[in-house]
Amino acid sequence: MTTLEKIRSNAALLITVIAVALFAFIIGDGLRSGSTFFQQKKEVALNIDGETVSIHDYQVRLKEMEQLAEQSGQKLNDQQRMMINNQLTQEYITTEALRKISEGIGLKVRPSELYALINGEGLSTSPLAQQFFAQFGINAADPEAVNGFIRQISEDNIKSLPTQQQSYLREIQSQWTALQRSIKANRLQEKLGSLLSRTFAINKVDLELEQGNSTRSVALVRTSTAMISDSTVSITDEELKKYYNDHKEFFAMKFPATEVDYINLKVVPSTADYKTAAEEKDKVIQDLTQEGDEENAIRNFNDKFLAKSFYTLAELEQMGFGTDNINFIKTAAVGSVNAPELINDKYSIFKLIAKKTSPADLNVRMIALDSAGVSKVDSLQKALEQGADFAEMAKQYSIDPQTKDNGGLISYTNNYGMVQKEISEAAAYQMGIGELFEKPVGNIVRITPQGQNNGVLLLKAEAPGASVEKYKFVYAGIPVNFSDKTYNEKYTQINNILIQGGTFEDMAKKAEAAGIDVVRKTMVYTQTPQLGNIPESREIISWALKAEAGEVGEKLFRAGVDNLVIAAVNKHIPAGYVPMDVVKDQIKDRIQVEKRGEMLVKNLENKKLSSLEAYAENLSSKIDTLVGVNYQVRGSEAPEFNGYAMTTVVGKLSAPFSAGTEVMVVKPLSEEKPASIETVNSALTLQRRADLSRQMSYRAFNYILQNIKVEDNRARFY
C-alpha cells in the first residue's frame, strides 16, 4: 500500500492514458485491501485493550474446553456451552490484564521456572501439575516419567501414530497446553502478591482488626418497613432523576445490551397424556413384579437407578427419595414393588431387590504407587501380608499427597463440609474399591485404578463400623410428558398469533387474551446464557443481538422441549450507563423503601418510647438477642445494624433507625474486648501482612479487570 500511495502522490506527473489505467488498478486494489481489512475485523471475537483474538483461535480454545467438560459423558446444552464460553472470555481478559501488569513491572516466568514448577526441581511442584499427572499414574517429581509423557504427546510422535490414537493424544496435548497456561498465570499472580506485600506497613488499626476488635451481645427489636403502605408514599420525577444521578455508577454498563419483549407458551400435558403415563406406570410395576430382569424393565426410562451395591438408610435419605419411598424400602419384603402416587407429575416406582446386615462403613488405608514405584508392589504387598506396619509403609512409599502423611488413611469432605474417614459400601464401589467389602477386614487388596496402566493401589480396611441393615433396590421415575398431539395443538395456537402479523403489542394482546405469558423489557447481553427463566434459549438471544430495533422475529422459537417463544427487540443500548427509563421501576422501589423507613422512624420518635419492651409491643414484634456482633457485616444483615450496635453506649437504648428494608432499635447488653495490642507477636504481624497481601493483590488485579477496555464481538458467532 506504501507503493500505491506514492503512485497516488505522483499521478499528476503521468500522461493521461497511463493515469487512467493506474487509477483503475489502484481503485481495484484499494477495494480488495479494504475488503480484506473489514473481513479481518469481522473475524475478531474479542478486542482486549487493543489486543485482538480471532474467532479461529477462540473457537479452537472453546472446543477444547467443551470436550474437556464432556469427558464425563454428559452432552452440554446451550446454556452450559454459553457458560463455558463466558469462562473462556474471562480467561482471555484475565490473561491479557496479567500480561500488561507483568510486562509493566518486569515480572516473568521463564521456561526453566515453568518446568521446575511442573516437576519440582528446585521449586515446590504445582498442585495443578500433581493433579494433572496423577490421572495418568505419573509422579510429577519423576523426571523420566514426565519427560516420557512430554515425548509421547509431542507433535512428531503424534504424527507417527494411527489416526485414532492421534485424536486421543491431541486432546491430552491441548490439556497439557492449558495446564502450562494456568501454572504460569498462577505463578505471575504469586509474584505480584509478593511484590505488593512489600509496599505497605502494618499499623495499629490493622492489628486491631486482626484481633477482631470488641464484640458485643445486642438486644434488638425489628420490623419491616412494609407495615407502611405504598399508597402513603409519593415519589416525584425529580426525586427519581436525583437518585439516578447520585447513584449513576450503580447503573454502569460495561457492555452493550438489548432490551427484549417476548411471548412464551409453555406446553404442558393434557388429560390424555396423564392417562398414558398411568398406563406406563402399571406396565412397569407388572414387569418388575413378574420378572427378575430389573434392568430390562426400566430400560426405556431416563430417570432410573439400579443399585449395584448395598445402601444404608442414611444414604437413602441423602439421595432424596422422600420419606414414604424410604419407608417402603425399609419395611418391604424382598421382591416387593410399591404402589406409587402421582407427585409433581411423576410416578416414583421402587422394588426392593435384596437386604442384608453388615458393617455400615470401614476406614481404608492406601499406598498409591506410580510409574516410578510400581516395580516395588510385589515386595510391598508381601511385607504387608507378613505384618509390616501399613501406616509406616504408606508414609515411606505412597505418592498420594492427600493421604501419605496420615499413614495412607483416606479421608474426604462430606456434604456438610466435615472431614470424614468412614467409607460406606456404596461409596467404596463408586470409588472403585468395593472389593474391600467382599474381603475379610485387614486383608491386603491390590487394585489397578480404572483407565490407568502406570499405577497401582494397595489397600487395607480397618475399624469396621456398627452393623446396620443395607438395601439393594431399583427405581424408575415415570414422568407425565406431553404427547406430539398436545404439542402440535399448542404450536398451532401460538404460531397463528405470529403469522397473523401486526406489531408485537398486537400479538401480545392476543396472547394475553388466550392466557399466554407476555414478558417485557428483559435485558440481554452477549454473555447472557438464557432468556429469563427459559432453558436452552440462547438462540433467541443470538438473534436479538443481531436484529434491528423494533424487529419481531419471523420464526417461532422453540427453547428446550416445552417453550414456544415469539420474540421482539425493543431497543439496543450502547455501553455506558443503563438508561433511566429501564431502571425507573427499580429506583422507585428503592425510594419507596427508604421513604417508608423514614416515615416509620419519625412515627416512633414522636412516641418517645423508653424501652425495648415498649417498642416490641408498639410494633407487634419481639425482642431478639444477637451475640458476637462487631463491625463485620454478617450474611444479609444491613450494615446500619452493626454501626448502631457498636457505637451505642452499652446498656443504653439507640434511637430508631432504618436498616435496609427494616426499622430497628438496639440495646447493647455487654462487650468483650480483646487482649492489648502490645501482646500481639511477630507471627501474627506476618500473618496479617500475608492476608493483606492477598487482599491488595486481589483488589489491584480486580481494578484492572474492571477497567480494561473490552470489545466483545461474540454475538456475531454464537
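**Pocket.** I began with the term itself: on a 1 Å grid over the protein atoms alone, a pocket is an open set of points with protein on both sides within 12 Å along at least five of seven lines, and a lining residue has an atom within 4 Å of a point. The volume is the space filled by probe spheres set on the points, which are joined across faces, edges and corners. For the largest pocket I noted about 1100 Å³ of space. I found 40 residues lining the largest pocket, and the closest to its centre are A134, M366, A368, D400 and L457. Two or more lining residues come from each of α6 (127-134), β9 (361-369), α17 (390-397) and β14 (456-462). The most come from α6, which gives 4 residues.

**Ground rules.** I reminded myself that this is a predicted model, where local features need pLDDT of at least 70 and side-chain atom pairs count only at pLDDT 80 or more, while totals for chains, interfaces and linings use all residues. Residues are numbered from 1 along each chain as its sequence is written, and side-chain values use heavy atoms, with hydrogens and water left out.

**Whole chain.** I listed 25 helices and 23 strands; these are DSSP runs numbered from the N terminus, with helices (H or I) of at least four residues and strands (E) of at least two. Of the 718 residues, 39% count as buried. Here buried means under 20% relative accessible area, exposed over 50%, and partly exposed in between, with a 1.4 Å probe and protein chains only.

**Helix α4.** I followed α4 (residues 78-105) from its first C-alpha to its last: its 28 residues reach 41 Å, close to the 40 Å expected at 1.5 Å a residue. The expected span is 1.5 Å times one less than the number of residues. Among its buried residues I marked M82, L88, Y92 and I101. At the N-terminal end, N77 caps α4, with a side-chain oxygen 3.1 Å from the backbone nitrogen of Q79. After α4 comes G106, whose phi is positive, near 80°.

Most residues other than glycine have a negative phi. Which residue in the loop between α15 (323-331) and β8 (346-359) did I stop at? I stopped at N344, which lies in that loop and has a positive phi of about 55° although it is not a glycine. N344 counts as exposed because its relative accessibility is 76%. I also noted K521, not a glycine, with a positive phi of about 55°; K521 lies in strand β16 (residues 517-524).

Note on methods: A polar contact is a pair of N or O atoms within 3.5 Å; within protein, one must be able to donate a hydrogen and the other to accept it, and residues adjacent in sequence count only if both atoms are side-chain atoms. On a 1 Å grid over the protein atoms alone, a cavity is a set of points where a 1.4 Å probe fits but cannot get out, and a pocket is an open set with protein on both sides within 12 Å along at least five of seven lines; lining residues have an atom within 4 Å of a point.
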